[in-house]
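Morning, everyone. Today I want to talk about salt bridges. Please have a look at the structure first.

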Amino acid sequence: MTEIIDLVLLAMLAITALSVIFIKDLFTVVMLFGIYSFLSALIFVNLDAVDVAFTEASVGAGISTVLMLGTLALTGRKEKSSSRQTILPLLVVCVTGAALIYGTLDMPPFGDPNNPAQQHVAPRYINDSPREIGLPNMVTSVLASYRGFDTLGETAVVFAAAIGVLSLLGLPKQDRTLIQSGLKSHLVLRVVAKMIIPLIVLFALYVQFHGDYGPGGGFQAGVIAAAALILYALVFGLSVATHVVPPKVLKILAALGVLIYAGTGVVSLFLSANFLDYSVLASNPVAGQHIGIIAIELGVGITVFAAMLSIFYAFAGQAERKNIQ
Amino acid sequence: MNFIVEHYNYWVVVFLMMVGFYIVISANNLVKKIVGLNVFQTSVFMMYISIGKVTGGSAPIAAEGITTYSNPLPHVLILTAIVVGVATTAVGLALIVRIKRAYGTVEENEFEHKEELI
Amino acid sequence: MFVQHFPVLPIILPLIAAPLCILVGRSHLAWILATLVSALSFYVSVDLLLTTIEQGVLSYAIGGWEPPWGIEIRIDAASAMILSVVTGISTLVLVYAKESIVKEIDSRQHTLFYTAHLLCLTGLSGILSTGDAFNLFVFLEISSLATYTLVSLGADKRCLTAAFRYLVMGTIGATFILIGVGMMYMKTGTLNMIDLSARIAEFDSNRTLNTGLAFILVGVSIKLALFPLHMWLPPAYTHAPSAVSAFLASTATKVAVYVMVRFIFTIYGAEYVFYTMSMDIILLVLAIVAIFKCSFMATVQSNVKTMLAYSSVAQIGYMILGISLASNLGLMAGLLHIFNHALMKGALFMAVGAVLFRTGSVDIKAFQGLGKQMPLTMAAFTIAGLSIIGVPLTVGFVSKWYLVTAALEQQHWVVAFLVLLGSLLAIVYIGRILEAAYFKKPSQLTAGKDIKEAPMLMLVPMWGLVIANIYFGIDTSLSVTAADSAAQWLTQAVTETGAKQ
């Protein structure tokens, strides 16, 4: 049964991807990309990668699509047909594709439990991490503890992206005149949004702290919390949203999250252990791991929330400026 | 026949990768380039997750009664890669907004003529 | 107190300083913080270099988890040498940038500039220190994102398209590297570099591993601007702010060369790459084409920054040439050139930035007559330029010497001859500037203006690099010993670990 689902999903992905090449209406293209992202999230679920599916759906289909639509609002919806030659790109793609197919010929069989990837480093994560770290979610154990340095790098990437977008587009000023813009004429949207937004924030907090026991964690939580405020900004207007969460505060929060994460690692240094070694944070190593993981996931969640929201503010601020002009 | 069953997953993913790659290098519109880049990267993620799948396994969350788990390591790697991907997309899109403001267009062949080619 | 933690400090010091810059807010304070942190990282890196020359390899398990289950910091002489170069140049560029960015970047963005610079430094330090293949990808993307931001801070609108093209090409390169790492993981089950090298050695010639290596090399070649994948570099270096060009030209592509060296020598092993897959011929040919085509392109540019950008691509060709010779001496020559080129190009870009600061232009006509009006700046340019040409008593001569020796050692007479021929082209493109500066009268671009010498904060780091050029050209002991022990370690790595495991 899973194979049939797999095949159907892959076929839909292929059709979606191919249609992106030929369609000239960019709004449709972005929507197709959102569909592509959701379908790949479904494939991830099928392949047992639930945390990844969660992240792909919220980050890939959620934030990426929002930012692309925000860009389209400023750059225009239609792609102009070009007279660019397609022979060279097609050639490059065929050569690259052929090289990849050549590479797949020696690949280990799909799904085989005797593959090198399943035999070497992974067994310790699967068999020992519930005991060593004390968490059921092995992905969180690996992400936050064994390979916590990667996740610190990832948080730095999010911070770097926020810095990049801030330097390119700048943040909107906190507006004193409180222009009521947004979709305020749509009564249904206003009422439903008012009911749903607190629930979304609550869900974000749940995902943040429940990530140790089920799919979830700092990244997904940060994105969902940002989504709640993006919805608020869309329905009630950017200027109202900037009063609720001022842009200056977001800058500070983004920086603070990275500092919390790196700071946890530095605390370990002062306690005479290696960087990011959480076992020394409490008298019992497993309790220390729990404390460390909660602290860094908090840092991740804060930075991701602040970064995603400030990136949205930057794009929305540009759109407002254009509308006013 | 067995070989095809064992490898078709990878081949479809390679096809998707190449579609994305083609969009990136052949699109004239900058926004479409970024869309293609995302399609390319998402397909690479699917390749990684396919590596970790164990037939008959379940999600890597320890639970009573489950003996086989899929490999959590590729999941961790791809979580990181997804976030890196969206970060790059955000910066790329911000650049596109500025380019539109500066050049008035986001079609690549139009500003290749507007500026001196280096 | 913290000596055993030194391996991780060059990464976490700038990583912590970057958000602190945002919290501090005022650009003056951000500058002080950035420069101090960069200088501290430099001190730590040099200490690491001296330790690794003596002891060999330093290993540090992050999180207390031993590799391959945890991520390992692994510093050998090659990493430490390039780490010292990167942190040293970073410190000098930050001192230089204080004045330089005043005229090139809007004042509200100065703090963002320092933050992005620190993030770039974090990324580069991470790449150089890590012992884990996927961790390398993450830090590569940190540095790349920061670089795109830095390039886009330029004054001319063309920096935006340059940054975008760099972003697209760079992300394709990074995705290729990701594909390659995935293929390696698929066959071996591990991401730790030393573990990978042990397991790959067990395979004879595997199609998946071959493809993985090919993708990694193509991806890295985009990042290091190997011909023909170098098209992003000239526009990016031309339109980026001068401080950014000086920093990137000296560090970003060099770190990518280091990544190539790591994958070729440490992970796959020279034998697999060069004999089983015959990469040496491909790299050699591309390197030679890079040297000649780009040196020639440099001679016809009227924008001096573009000329220096093409010169950089040509110099990278020299480094790849050394590596493709697949010998101890060749690898040593390539590594030495990484060090030397950073000194040369850093000084050259700083000098050009000073000219831009005072005259407002980097066209070759703006240089006319500057020999009299900005004597110190042009003297710095002259000495660094002579170094690029390869005149004795400069570091450029030392690199060319070892490259030629390495080529002759393998009886590649043609290659040796071509290396010397490249210097002739360098004489042309450097010579044009010197002719304009010393033998021509000021053009309409600068006539009548009162052109003063560059400010102290820009002159001091510039001359620091120039003096280093001469010092390390005469007393080659430190650089040559470092490069030599690095090369020894890299070519022995597989047998060493085979014995250890």
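**Salt bridges, pair by pair**

C:Asp195 forms a salt bridge with C:Arg199, and their closest N and O atoms are 3.6 Å apart. Keep in mind that this is a predicted model. Where do C:Asp195 and C:Arg199 lie? Both are in helix α7 of chain C, residues 193-200. They are four residues apart, about one turn of the helix. Now, buried or exposed? C:Asp195 has a relative accessible area of 11%, so it counts as buried. C:Arg199 has 27%, so it is partly exposed.

Some bridges share partners. A:Asp25, A:Arg77 and A:Lys78 are joined that way into one network.

Why pair up in the first place? Side chains of opposite charge can pair when their charged atoms come close.

Next, chain A. The side chains of A:Arg131 and A:Asp128 meet in a salt bridge, 3.1 Å from N to O. Both sit in helix α6, residues 122-132. Here the spacing is three residues, again about one turn of the helix. A:Arg131 is exposed, because its relative accessibility is 56%. A:Asp128 is at 23%, so it is partly exposed.

Last pair. C:Asp132 and A:Arg147 also meet through their side chains in a salt bridge, at 2.7 Å, N to O. This pair crosses between chains. C:Asp132 is in the loop between α4 and α5 of chain C. A:Arg147 is in the loop between α7 and α8 of chain A. Both residues are buried.

How many salt bridges are there over all chains? A search of the whole structure finds 16.

Terms used. Residues numbered from 1 in each chain as written. Chains lettered and ligands numbered in written order. Predicted model: local features only at pLDDT ≥ 70, side-chain atom pairs only at ≥ 80, totals over all residues. Heavy atoms only, no water. Salt bridge = Lys/Arg side-chain N within 4 Å of Asp/Glu carboxyl O. Helix = DSSP H or I, 4+ residues; strand = E, 2+ residues; numbered from the N terminus. Buried < 20%, exposed > 50% of the residue type's maximum accessible area, 1.4 Å probe, protein only.
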